[in-house]
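Please look at the structure shown here, and then follow the questions, each of which sets a value beside the definition of a term.

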Amino acid sequence: MDFGKYTGAGNDFVITEASWPDEQGTQVARHVCDRATGVGVDGLALVWRIERNRVGVRFFNPDGSAYGTCGNGTRCAARFAVDRRLVDASPFIIETSDSVITAVVDGDWVDLEYRMSVEVVRSIPVQGPFGPAQGWLVRIGVPHFVVPLDSTPEGSIEEVCRRIRHDPALGPGGANINLVSLEDRTRGSIRTFERGVEGEVLACGSGAMASVFALHAAGLCEPGLDLRVMGGCDLRIRVPDQPHPDGDCQLNLAGPAMHLFDGRFLEAQPGLVSHSDPDSG
């Protein structure tokens with residue numbers, strides 16, 4: 001298995017050209033994402049060519065769970081597709097299990113245009129890092145819980161976010177937790193605790209989009225918002241000024257995607273099959 005390691009605003013991924021079934025992707029992800037016995041990343045992404053300007057992408061968490069929406073991972077997958085010449089030109093189309101995305105790659109900067117269903121499910125009271133707080137459950141492929149705060153918490157957020165992440169009101173699978181503080185109506189900062197990783201990540205693109213969608217719906221920010229992530233980069237997000245009647249809407253996410261290095265796992269690793277097998281993908 002040949003792979004590249006990429007980072008999107010600090011959110012890092014092992015990416016390989018493959019279209020494995022989820023069972024195999026789960027096995028590989030559990031191994032390669034491990035920080036002791038693997039590469040040590042936030043997720044695994046599979047990318048495969050569908051046609052000249054269209055690729056498919058599938059994501060896996062370190063615990064092996066598969067998911068379809070990942071803003072930073074999709075930017076990295078787009079950069080990988082260009083680097084490996086899986087597409088003929090930019091812009092091109094990325095298909096995931098949740099959405100169809102138009103990607104424009106300009107060096108280390110990638111702009112994504114989503115057309116997908118987004119829903120602010122409900123407002124839920126929780127015990128936040130500074131006491132009682134009100135947040136919004138947003139479904140954007142995966143569930144996110146957005147908690148607006150007056151200031152960004154310092155130090156570890158994992159204890160309080162782990163408690164919120166398992167709140168029964170968020171459903172049986174829980175949700176990713178996003179703590180957002182606004183400087184004004186066009187700028188802010190975000191810290192994200194991600195399920196599957198079960199810890200804080202340096203960035204989460206889908207969490208940033210969910211946060212802007214919820215905060216704009218609540219009248220707290222403009223439809224265009226720059227969010228500073230813990231990795232130190234800014235993500236540029238734009239959501240529709242008015243929700244689309246059929247529930248689908250156009251979202252834009254732009255930010256960095258950098259290629260760090262390439263590597264190779266030996267065939268003996270869990271989930272990998274012989275390269276000589278014509279059915280291995």
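Q: In which helix do Arg79 and Asp83 lie, and how many residues apart are they?
A: Both Arg79 and Asp83 belong to helix α2 (residues 71-83), where they stand 4 residues apart, about one turn of the helix. Helices (H or I, at least four residues) and strands (E, at least two) are DSSP runs, numbered from the N terminus. The model is a predicted one, in which local features need pLDDT of at least 70 and side-chain atom pairs count only at pLDDT 80 or more, while totals for chains, interfaces and linings use all residues. Residues are numbered from 1 along each chain as its sequence is written, and side-chain values use heavy atoms, with hydrogens and water left out.

Q: Why is the pair of Arg79 and Asp83 called a salt bridge?
A: The term requires a side-chain nitrogen of Lys or Arg within 4 Å of a carboxyl oxygen of Asp or Glu. The closest N and O atoms of Arg79 and Asp83 are 3.2 Å apart, so the pair meets the definition.

Q: Which parts of the chain does the salt bridge of Arg79 and Asp108 link?
A: The side chains of Arg79 and Asp108 meet at 2.6 Å, N to O. This pair links distant parts of the chain, since Arg79 is in helix α2 and Asp108 is in the loop between β7 (100-106) and β8 (109-117), 29 residues away.

Q: How do you know that the buried residues of α3 line one face?
A: In helix α3 (residues 158-165), the residues Val160, Cys161, Ile164 and Arg165 are buried. Seen down the helix axis, they fall within an arc of 135 degrees (taken from the directions from the axis to the C-beta atoms), so they line one face of α3. Their cover includes β9 (119-128), β11 (142-149), β12 (176-182) and β13 (187-194).

Q: What ties Arg165 to another part of the chain?
A: Arg165 forms a salt bridge of 3.0 Å, N to O, with Glu198. Glu198 lies in the loop between β13 and β14 (199-201) and Arg165 in helix α3, so the pair ties together parts that are 33 residues apart in sequence. Arg165 is buried at 8% relative accessibility, whereas Glu198 is partly exposed at 29%.

Q: How many salt bridges does the structure hold, and which residues are linked in a network?
A: The structure holds 20 salt bridges, and a network of them links Glu183, Arg187, Asp226, Arg228 and Asp234.

Q: Why is Asn11 called buried, and what makes its side-chain pairs polar contacts?
A: Asn11, found in strand β2 (residues 11-17), has 1% relative accessibility and therefore counts as buried. A polar contact is a pair of N or O atoms within 3.5 Å (within protein, one must be able to donate a hydrogen and the other to accept it, and residues adjacent in sequence count only if both atoms are side-chain atoms). The side chain of Asn11 makes such contacts with those of Asp42 at 2.9 Å and Asn72 at 3.3 Å, so both distances fall within the cut-off.

Key: Buried means under 20% relative accessible area, exposed over 50%, partly exposed in between (1.4 Å probe, protein chains only). Contact means heavy atoms within 4.5 Å.
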